[in-house]
Amino acid sequence: MPLADTFAELCLACEGIGAGGGTSGQVLVFHDMLGMLSHPQHEQFVPKFCKKYAKVGHAIQEGLKEFKDDVESGVFPGEDYSPYIMSDEEKSLFDELLRGDAEERKRKHELAIEKLRQADEYETLKLYGGDKNTK
């Protein structure tokens, strides 16, 4: 009995990766299917069942290299991209969001302060063994 019939008989779903069309669904690693990994060694080992729908790996490499070069040369971020200044509308929305969770942020801040205070007490009391060089 073919595998697809076995799964149908057992009412089981079977996702296939290179298993043919008799499965319930298909799986492809998106890096392979989009040609994202363009290293020559990777190109030699792309599974035969993997159809490439695009070759974006080279574009990704070019974009990353251009970004790296711009950062290293100081071109990015330039005046066109920084500093970011909020519009009055964005500032108003941001302030509204801050007001909305102000109490929660205050509570979390107080908890963090208490944890730090307790950690300092442990160190002061030398509960972790303290400095071995003191007598």
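1. A quick definition before anything else: a nonpolar patch here is built from residues with over 30% relative accessible area and no salt bridge, their nonpolar side chains being joined within 5 Å. In this predicted model, Ile 17, Val 27, Val 29 and Phe 49 make up such a patch on the surface, and together they have about 310 Å² of accessible area. Ile 17 sits in the loop between β1 (15-16) and β2 (25-26) and is partly exposed, at 44% relative accessible area.

2. Now the overall layout. The protein chain has six helices and two strands, running α-β-β-α-α-α-α-α from the N terminus. Of its 135 residues, 7% count as buried. Among contacts with a separation of 6 or more, 6% come from residues 24 or more positions apart. The chain exposes about 11900 Å², with carbon and sulfur atoms supplying 59% of that.

3. On to charges: the structure holds seven salt bridges. Have a look at helix α4 (residues 57-73), where Asp 69 and Lys 65 are four residues apart, about one helical turn. Their closest N and O atoms are 2.7 Å apart. Asp 69 is partly exposed at 30%, whereas Lys 65 counts as exposed at 53%.

4. Helix α4 also holds Glu 72 and Lys 68, again four residues apart; their salt bridge has its closest N and O atoms 3.3 Å apart. Glu 72 is exposed at 58%, and Lys 68 is partly exposed at 45%.

5. In helix α5 (residues 88-100), Lys 91 and Asp 95 are about one turn apart and form a salt bridge at 3.0 Å. Finally, Glu 104, Arg 107 and Lys 108 are linked in a salt-bridge network.

Notes:
Residues numbered from 1 in each chain as written. Predicted model: local features only at pLDDT ≥ 70, side-chain atom pairs only at ≥ 80, totals over all residues. Heavy atoms only, no water. Buried < 20%, exposed > 50% of the residue type's maximum accessible area, 1.4 Å probe, protein only. Contact = heavy atoms within 4.5 Å. Areas by Shrake-Rupley, 256 points an atom, 1.4 Å probe, with all protein chains shown as cover. Patch = residues over 30% accessible without salt bridge, like charges linked within 9 Å, V, L, I, M, F, W, Y side chains within 5 Å. Salt bridge = Lys/Arg side-chain N within 4 Å of Asp/Glu carboxyl O.
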